[in-house]
Amino acid sequence: MAILEVIKMGHPTLRKQSELIDENTSSSEFQNFVDDLIQTMRHQNGAGIAAPQVNVLKRIFTMEMTDNPRYPDRHPFPLYVVINPEIECLGHELVDSWEGCLSIPNIRGKLKRYKRIKLKGYDRNGKSFEEELEGFAAIVAQHELDHLNGVLLIDRMDSMKTLTFQEEYEKYWL
């Protein structure tokens with residue numbers, strides 16, 4: 001396994017639409033990429049990571065929350081590998097979300113996300129699944145799906161007034 005380079009805001013790949021994955025997901029090359037993506041997410045203490053963040057324009061992301069120092073008070077959720085994801089909003093309730101991003105390091109911003117969603121896609125073995133998510137897991141899935149569509153958290157913010165450095169967020173907003 002390898003730690004992949006996480007590209008930063010300003011890199012043109014982050015603003016492009018990712019391509020559907022129609023290749024053999026059981027190939028060793030694809031499975032190695034999935035392992036590298038998971039390893040990179042964990043190494044960076046990310047709650048999730050999408051392929052475009054490592055300069056790969058494919059519709060796949062991973063997400064997981066277990067003992068993460070960047071998110072010490074968040075409810076844990078298991079590892080998800082999601083290929084060709086789709087999200088269906090369950091209800092109209094929005095929640096405030098203070099979000100960070102591995103591609104915009106040390107910055108947080110406040111935006112709105114749907115509280116409950118249905119996440120649909122394929123797992124790393126190509127098996128289809130549907131999962132209802134709520135709270136932080138739903139927020140992370142929406143954030144990662146945005147990456148697959150070339151959208152960054154700053155694009156979803158109603159106001160740039162809450163854009164803050166991580167250190168100031170911890171000092172004044174926690």
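Residues are numbered from 1 along each chain as its sequence is written, and side-chain values use heavy atoms, with hydrogens and water left out. Because the model is predicted, local features need pLDDT of at least 70 and side-chain atom pairs count only at pLDDT 80 or more, whereas totals for chains, interfaces and linings use all residues. Helices (H or I, at least four residues) and strands (E, at least two) are DSSP runs, numbered from the N terminus.

A pair of aromatic rings is described by the distance of the centres and the angle of the planes. Rings of Phe, Tyr and Trp (for Trp, the six-membered ring) pair if their centres lie within 6.5 Å; planes under 30 degrees apart count as stacked, over 60 as edge-to-face and the rest as tilted. The structure holds 4 aromatic pairs. In one of them, the ring centres of Trp98 and Tyr169 are 5.1 Å apart and the planes stand at 50°, so this pair is tilted. Since Trp98 belongs to strand β4 (residues 94-101) and Tyr169 to helix α4 (residues 166-172), the pair ties together parts that are 71 residues apart in sequence. A tilted pair is also formed by Trp98 and Trp173, with 4.9 Å centre to centre and 45° between the planes. Trp173 lies in the segment after α4 and Trp98 in strand β4, so this pair ties together parts that are 75 residues apart in sequence. Burial was assigned from relative accessible area (buried under 20%, exposed over 50%, partly exposed in between; 1.4 Å probe, protein chains only). Trp98 counts as buried because its relative accessibility is 13%, and Tyr169 is buried as well. Trp173, with a relative accessible area of 45%, is therefore partly exposed. Tyr71, Phe77 and Phe136 form one aromatic cluster.

Trp98 is also touched by Thr162, along with Arg108, Gly109, Lys110 and Met157, not counting residues up to four places away in sequence; contact here means heavy atoms within 4.5 Å. Thr162 is placed in the loop between α3 (153-156) and β8 (164-165). With a relative accessible area of 16%, Thr162 is buried. A polar atom of the Thr162 side chain lies 3.1 Å from the backbone nitrogen of Lys110.

Rolling a probe the size of a water molecule over the atoms shows where empty space is left. On a 1 Å grid over the protein atoms alone, a cavity is a set of points where a 1.4 Å probe fits but cannot get out, and a pocket is an open set with protein on both sides within 12 Å along at least five of seven lines; lining residues have an atom within 4 Å of a point. Grid points are joined across faces, edges and corners, and a volume is the space filled by probe spheres set on the points.

Two or more lining residues come from each of β4 and α2 (136-148), with α2 giving the most, 6 residues. By class, this lining has 8 nonpolar, 6 polar and 3 charged residues, where Ala, Val, Leu, Ile, Met, Phe, Trp, Tyr, Cys and Pro count as nonpolar, Asp, Glu, Lys and Arg as charged, and the others, Gly among them, as polar.

His143 lies in helix α2 and counts as buried because its relative accessibility is 7%. The side chains of His143 and Glu99 make a polar contact of 2.7 Å, a term that denotes a pair of N or O atoms within 3.5 Å; within protein, one must be able to donate a hydrogen and the other to accept it, and residues adjacent in sequence count only if both atoms are side-chain atoms.

The largest pocket has a volume of about 400 Å³. Of its 21 lining residues, Arg70, Tyr71, Arg108, Gln166 and Glu170 are the closest to its centre. The largest share of this lining, 5 residues, is supplied by β5, and the residues divide into 11 nonpolar, 4 polar and 6 charged. The second largest pocket has a volume of about 220 Å³. β3 (77-89), β5 and α2 each supply at least two residues of its lining, which has 5 nonpolar, 2 polar and 4 charged residues.
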